Amino acid sequence: MEEKTTFKSGFVAVVGRPNVGKSTLINRIIKQKVSIVSDKAQTTRNRILCIHTDEDCQIVFLDTPGIHKPKHKLGQFMDEAAYQSLKDIDAVLFLISGNEKKGPGDMFVLDKVKDAGVPVFLIINKVDLMSKEEIFQKITEYNALYPFEQIIPISALNGDNVDAVLDELKKILQEGPKYFPDDMITDQPERLLVAEIVREKLFRCTRDEVPHAIAAYVEEMKPRGRNKVYIRLTIYVERDSQKRIVIGKNGSVLKEVGEQARREIENLLGSSVFLDIWVKVKHDWRNKASALSELGYKNE
Ligand SMILES: Nc1nc2c(ncn2[C@@H]2O[C@H](COP(=O)(O)OP(=O)(O)OP(=O)(O)O)[C@@H](O)[C@H]2O)c(=O)[nH]1
């Protein structure tokens, strides 16, 4: 007689200080680009939920913003969102950059994670940049810090050992329902994804010139004609000088950002897109709580 296999499901928080590779890992797992990846720290401002579903399990990943000590209101908001996601979860993936020394940022995050009272998996990321000896040393170093459920060295960038993360998670997950349909990979509305895409292109095109004082917000998104979508989006900056950088000489930067973003948004939506981008200065928006909620950073 055939044995009935149980379906497992659960919620897993992905935490780590900025830039350790959380978004890269999530993108790897989902094999579809849904959360922003860039060289800059703290780009993941909106909590993005990713869902992995296969024959025998469903894992809902909570991609938290980088946990860090808040300096201004936006920072504080991001922290709250991150802690919030540690409630009602079944496991934590605690990511570190293996090629960097353990710093206060890592310890700060680990301290928060300990309180969650669920299995914590230490994910040593970026092993493509490490020697075998260095990996071994990292494992020994962290083993002494906390009784991790598992320590898994991976390269989120190459995908090395990412399957092991899923396999190990499956082992500790309990029998549970399928919370979301098979084909659903994120609960983020399309508007947020579109804004994320534009912000990512902006970071790429301006490199180090533009600080984090940037937000992208979709003001309007509506069908136009047959199989075309009109999107009006505003990029908010804090100063006139930033506005000039974002626009570029004769509009060159904005044009490049628009073209790159449009192509990706067309893939996402499966239709052609007219992308209408505006740049506005909103002084000191990061410190104004009301401006934050206006820009979509709502704390649930
Ligand atoms: N060499 C290497 N680079 C990686 C790996 N994983 C991520 N990176 C790079 O590290 C940088 C940061 O990656 P992200 O995925 O944006 O990091 P994050 O933790 O989501 O960062 P925040 O959004 O700031 O919280 C990017 O340049 C990635 O390409 C890896 O396995 N190997």
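Predicted model: local features only at pLDDT ≥ 70, side-chain atom pairs only at ≥ 80, totals over all residues.
1. Start in the sheet. Leu233 stands opposite Ile277 in β9. Ten is the bridge count to look for here: 10 bridges join β8 to β9, and the two strands run parallel.

2. Three strands make up an open sheet, ordered β7-β8-β9, with mixed pairing. β7 (214-223) and β9 (272-281) are the edge strands. Each has a single partner strand, so one side of each lacks a neighbour in the sheet. On average, neighbouring strands are turned by 20° against each other, direction ignored. As background, strands of a sheet pair through backbone hydrogen bonds, in either a parallel or an antiparallel way.

3. The antiparallel pair. β7 is joined to β8 (residues 228-237) by nine bridges, and these strands run antiparallel. Ala216 is opposite Ile235 in β8. Lys222 is opposite Tyr230 in β8. The two strands form a hairpin with four residues between them. In that turn, Gly225 has a positive phi of about 60°.

4. Helices on the sheet. Both α6 and α8 deserve a look here. α6 packs on the sheet and touches β7 and β8. Its direction makes about 135° with that of β7. Helix α8 (residues 252-269) also packs on the sheet, but touches β8 and β9. The direction of α8 makes about 135° with that of β9.

5. Helix against helix. The axes of α6 and α8 come within 9 Å and cross at roughly 145°. The crossing of α6 past α8 is right-handed. On the α6 side, the residues that meet α8 include Leu193, Val194, Ile197, Val198, Leu202 and Cys205. On the α8 side, they include Val253, Val257, Ala261, Ile265 and Leu268.

6. Helix α6 on its own. Is α6 largely enclosed or largely open? Of its 17 residues, 13 are buried, so the rest of the structure largely encloses α6. Its length also checks out. At 1.5 Å a residue, the 17 residues (190-206) should span 24 Å, and the end C-alpha atoms are 24 Å apart, which agrees. Arg207 follows the helix and has a positive phi, near 50°.

7. The largest nonpolar core. This core has 36 residues. Val12, Val14, Phe94 and Ile123 have the most contacts inside it.

8. Val12 and the second core. Beyond its neighbours within four places in sequence, Val12 is in contact with Ile59, Val60, Phe61, Leu62, Ile89, Asp90, Ala91, Leu93 and Leu169. There is also a second, separate core of 27 residues. Cys205, Ala215, Tyr217 and Ala261 are included in that second core.

9. Two asparagines to inspect. Most residues other than glycine have a negative phi. Asn19 is not a glycine, yet its phi is positive, about 75°. Asn19 lies in the loop between β1 and α1. With 19 other C-beta atoms within 10 Å, Asn19 is partly exposed. Asn161 has a positive phi too, near 70°. Asn161 sits in the loop between β6 (150-153) and α5. It has 17 C-beta neighbours inside 10 Å, so Asn161 counts as partly exposed.

10. Overall figures. The protein has nine helices and nine strands. Of its 300 residues, 39% count as buried. How many of the contacts between residues at least 6 apart in sequence join residues at least 24 apart? The share is 70%.

Technical notes: Residues numbered from 1 in each chain as written. Core = buried A, V, L, I, M, F, W, Y, C linked by C-beta atoms within 7 Å. Buried ≥ 20, exposed ≤ 12 C-beta atoms within 10 Å, placed from the backbone. Contact = placed C-beta atoms within 7 Å. Expected span 1.5 Å × (residues − 1). Pairing = 2+ DSSP bridges. Axes fitted to C-alpha atoms, helices over the stretch in contact; angles between N-to-C directions. Left-handed = near helix turned anticlockwise from the far one by under 90°.
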